[in-house]
Amino acid sequence: AVAELTPMHEQLISDGLLDGIEVVNEDTYSDEALQIALDNNLTIIGTSDIHGLIDWQYKVPEGGHRPLTLVFAKERSAESIKEALESRRTVALIDDSLIGRAEHVVPLVKASLVPHRAVYRNNSSVIAVTLRNATSVNYILENTSLYNFYTHTDVVRIPAMKDTTIQVKTLERLNEVELTFRALNVVTAPDQHPEISITVSVQPE
């Protein structure tokens, strides 16, 4: 079904009785619901709506997980979680997709992709950049920077909880390189994927 805002929903929002909306439910994602959340300042929610066994439905023993709502609370307490929910500081997670407002999801992605090592290969102008993914999300990134890759296409997968080395052709030897990516499995609005910038300091050989 396609999510739509009825006059009843509009009245509930106007009366302050409707604060959030599920953009993810069980195994579905609704870009219409996301747009409703953005247009009406609603909290973005991801839920499993589970009525059976989570392990069976979401194959948890094989590494799967149910949909989640990530809440950016200032401290670990019920009051702080409530404040974050009321302030709309949430991101929905389904499989390997993060869905949320740019001001919340972009810092999350940037904080989770950490440049671990960057060195030039021998005397070449190709730099080996190792990115450490500190999350359980497998990122899919499209290269939008000024540089082409040497051993990857413009789309690269950064596996969860692992280091990935990307060889970048800078054409000249630099002390610092800015890599920019479009995070294809991160959604900030229907059909909108944010650009992530990562500054890499080159280490001496």
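Reader: Which residue forms a salt bridge with R132?

Author: R132 forms that salt bridge with D163, and the closest N and O atoms are 2.8 Å apart. A salt bridge here is a side-chain nitrogen of Lys or Arg within 4 Å of a carboxyl oxygen of Asp or Glu. This is a predicted model, in which local features need pLDDT of at least 70 and side-chain atom pairs count only at pLDDT 80 or more, while totals for chains, interfaces and linings use all residues. Residues are numbered from 1 along each chain as its sequence is written, and side-chain values use heavy atoms, with hydrogens and water left out.

Reader: Where in the chain do R132 and D163 sit?

Author: The pair links distant parts of the chain, since R132 is in strand β8 (residues 126–133) and D163 is in strand β12 (residues 163–169), 31 residues apart. Helices (H or I, at least four residues) and strands (E, at least two) are DSSP runs, numbered from the N terminus. R132 is partly exposed at a relative accessible area of 35%, and D163 is partly exposed at 38%. Buried means under 20% relative accessible area, exposed means over 50%, and partly exposed is in between, with a 1.4 Å probe and protein chains only.

Reader: How many salt bridges does the structure hold?

Author: The structure holds three. One of them joins E142 to R182, with the closest N and O atoms 3.1 Å apart. E142 lies in strand β9 (residues 139–143) and R182 in strand β13 (residues 176–183), so this pair ties together parts that are 40 residues apart in sequence. The side chains of E83 and R89 also meet in a salt bridge, at 2.7 Å from N to O.

Reader: And E83 and R89, buried or exposed or something in between?

Author: E83 is partly exposed, with a relative accessible area of 28%, whereas R89 counts as buried at 17% relative accessibility.

Reader: You mentioned β9 and β13; what sheet are they in?

Author: They belong to an open sheet of four strands in the order β11-β9-β13-β15, with antiparallel pairing. Two strands pair if DSSP finds at least two bridges between them. The edge strands are β11 (155–158) and β15, each of which pairs on one side only. The twist averages 40° from one strand to the next; axes are lines fitted to C-alpha atoms, for helices over the stretch in contact, and angles run from 0 to 180 degrees between N-to-C directions.

Reader: How many bridges join β13 to β15, and what stands opposite V177?

Author: Seven bridges join β13 to β15, and V177 stands opposite V200 in β15. Between β9 and β13 there are three bridges, and there N143 stands opposite F181 in β13. Helix α5 (residues 102–112) packs on the sheet, touching β9 and β15, and its direction makes about 30° with that of β15. Contact means heavy atoms within 4.5 Å.

Reader: Switching topic, what is the strand order in the three-stranded sheet?

Author: That open sheet has the order β2-β1-β3, with mixed pairing. β2 (28–29) and β3 (43–47) stand at the edges, each with a single partner strand, so one side of each is left without a neighbour in the sheet. Helix α2 (residues 31–40) packs on this sheet, touching β1, β2 and β3, and its direction makes about 155° with that of β1.

Reader: What does the side chain of T90 reach?

Author: It reaches the backbone oxygen of I44 at 2.6 Å. T90 lies in strand β5 (residues 90–94) and is buried, with a relative accessible area of 0%. Leaving aside its neighbours within four places in sequence, T90 is in contact with residues including T43, I44, F72 and H104.

Reader: Last one: where does R173 lie, and which backbone oxygens lie by its side chain?

Author: R173 lies in the loop between β12 and β13 and counts as partly exposed at 42% relative accessibility. A polar atom of its side chain lies 2.6 Å from the backbone oxygen of S124, and the backbone oxygen of N122 lies 3.4 Å from a polar atom of the R173 side chain.

Definitions and conventions. Polar contact = N/O pair within 3.5 Å; in protein donor to acceptor, adjacent residues only side chain to side chain.
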